[in-house]
Amino acid sequence: MRNGLEFQIVRMLALVTALLLGFDERAAKAQAPDAFEPGEVVVKLLQPDDLPGVAADFGLDPAPLDQFGTRPIYRLRILDGMPPPDKAAALLGDSRVLYAEPNYIQQTPEGQQRVSWARGGDEGDYADQWAGAFIGLPAAHTVTRGAGVIVAVLDTGIDRSHPALARRVLPGYDFVDMDDDPSEVGDHDVDITYGHGTHVAGLVTLAAPEAQILPVRVLDRDGAGNLWVLAEALAYAVNPDGDIDTPDGATVINLSLSTRRQTNLLAEIVRDVICEDDDDDDDGRRAAQDDDDCLATPGRGAVVIAAAGNRAADVPEYPAAETQPGLLAVTANTETDLLADFANFGAWVQVAAPGDRILSSVPGGTYGAWSGTSMAAPLAAGQAALVRAAAPLLTAAQVSDRIRSTAHGPAGTPPRIDAAAALGLARTTRPLPDDNEPGGGDETPPPAATHSLYLPVVTRE
């Protein structure tokens with residue numbers, strides 16, 4: 001009996017080791033700072049008619065792998081084996097090419113750091129956790145709970161059957177498997193980012209309980225996805241049915257993903273889902289590069305909320321660092337109102353929200369705690385939904401300005417969001433994490449950060 005048990009243990013350990021090694025091989029590509037899809041390049045041309053000539057001159061297949069709508073933006077197959085960065089550099093020397101770049105990989109910040117969630121807590125713990133009072137949600141909900149606003153969650157998918165999300169989730173789309181089922185894919189014991197999208201959606205719902213969630217799967221089971229998929233998904237999020245005159249798109253978009261590579265395609269598409277006019281396009285070539293086409297129903301551009309990343313660094317991460325009106329870069333703070341030790345910072349980061357051991361929905365109808373700027377961003381996205389519900393005529397830029405201008409906190413840290421103040425109510429006073437803790441107050445943090453010990457968070461080395 002004992003020998004049989006030992007055999008089963010050895011067999012199980014071998015299986016776990018094999019699964020982790022498989023994850024390491026898949027994750028290594030996504031975690032590399034310059035990771036990109038092999039054998040292809042993203043190209044924007046000055047004119048569509050230039051495609052055959054450019055393809056012939058640069059060793060590209062003239063039949064595009066894909067085209068972005070009707071724009072002369074193509075995903076092209078490389079025929080001569082040249083690495084995508086080298087091919088893009090060669091293309092940039094041609095006057096017919098507006099931009100060229102590899103199809104870079106984006107990933108969840110938590111996937112980059114290999115930090116997952118720990119199961120625990122229940123519906124009551126989720127509803128009453130410190131984050132809500134910290135950003136003034138109880139007072140904000142006396143004004144609005146976000147009814148009539150659609151928030152798109154571009155992530156790993158969503159478990160729409162979770163009780164916290166029931167009746168709040170719209171149909172959506174899966175841009176990874178290219179089907180109409182944007183459910184989570186994977187296994188929590190194997191895939192470190194499994195449940196990420198469900199966790200993020202639960203935090204949007206915590207902040208804006210009556211907003212609707214549009215699930216858009218753009219990240220695979222390793223929490224990684226490429227630039228082209230993200231651009232296509234952004235366009236879908238603001239116009240799901242393809243009819244620009246139907247107001248069925250999201251007016252808030254949450255992006256809990258990042259890369260250190262700034263790209264022309266993502267900058268262009270983010271600008272065109274925000275739908276803010278650029279009055280500075282006085283250069284003909286620049287005007288051609290920016291089509292200035294709003295992808296959303298007129299007057300319904302989306303506020304884009306992006307996680308700042310978890311590298312504890314001031315190096316910009318994108319799309320959060322895209323300095324565009326209507327986009328907010330969100331980092332994470334702790335229950336003691338200090339920057340979380342993993343959170344990115346710098347002049348490009350605009351606001352902070354709770355991101356340390358945050359409880360939310362995870363697949364299977366349960367709850368789990370996770371730490372990261374991915375958790376901070378959806379709380380800000382929910383706040384944006386509250387502002388849009390209360391003031392539907394505000395532009396995306398005006399909504400983001402409202403969130404920035406009403407944020408506050410200790411000097412020397414990114415200001416924390418305040419949902420109540422953004423709706424015209426009194427500023428929220430930060431609750432103390434422990435009623436017996438001395439000192440405190442809204443703008444006076446304790447001398448050192450003390451992490452919430454609510455639940456452990458799983459880190460996989």
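Tutor: Gladly! Let's start with β5 and β15, which run antiparallel and are joined by two bridges. Keep in mind that this is a predicted model, where local features need pLDDT of at least 70, side-chain atom pairs count only at pLDDT 80 or more, and totals for chains, interfaces and linings use all residues. Residues are numbered from 1 along each chain as its sequence is written, and side-chain values use heavy atoms, with hydrogens and water left out.

Student: What makes β5 and β15 a pair, with two bridges joining them?

Tutor: Two strands pair if DSSP finds at least two bridges between them. β5 and β15 have two bridges, so they meet that definition. In one of them, Ala 118 has Ala 369 of β15 as its partner. The strands themselves are DSSP runs (E, at least two residues), as helices are (H or I, at least four), numbered from the N terminus.

Student: Which strands make up the open sheet with β15, and in what order?

Tutor: The order is β5-β15-β14, with antiparallel pairing. β5 (118–119) and β14 (358–362) each have a single partner strand, so they stand at the edges with one side left without a neighbour in the sheet.

Student: How many bridges hold β14 to β15?

Tutor: Five, in the antiparallel sense, with β15 spanning residues 366–370. Ser 360 is partnered by Gly 368, and Ile 358 by Trp 370. The two strands form a hairpin with three residues between them, and Gly 364 in the turn has a positive phi of about 95°.

Student: Why is β15 called mostly covered?

Tutor: Buried means under 20% relative accessible area (exposed is over 50%, partly exposed in between, with a 1.4 Å probe and protein chains only). Four of the five residues of β15 are buried, hence the label.

Student: What makes the buried residues of α3 line one face?

Tutor: In α3 (residues 84–91), the buried ones are Pro 84, Lys 87, Ala 88 and Leu 91. Seen down the axis, they fall within an arc of 100°, so they line one face of the helix. That arc is taken over the directions from the helix axis to the C-beta atoms. In general, an α-helix has 3.6 residues a turn, so residues three or four places apart point the same way.

Student: What do those buried residues of α3 pack against?

Tutor: They pack against β1 (36–45), α2 (51–57) and β4 (97–107), where contact means heavy atoms within 4.5 Å.
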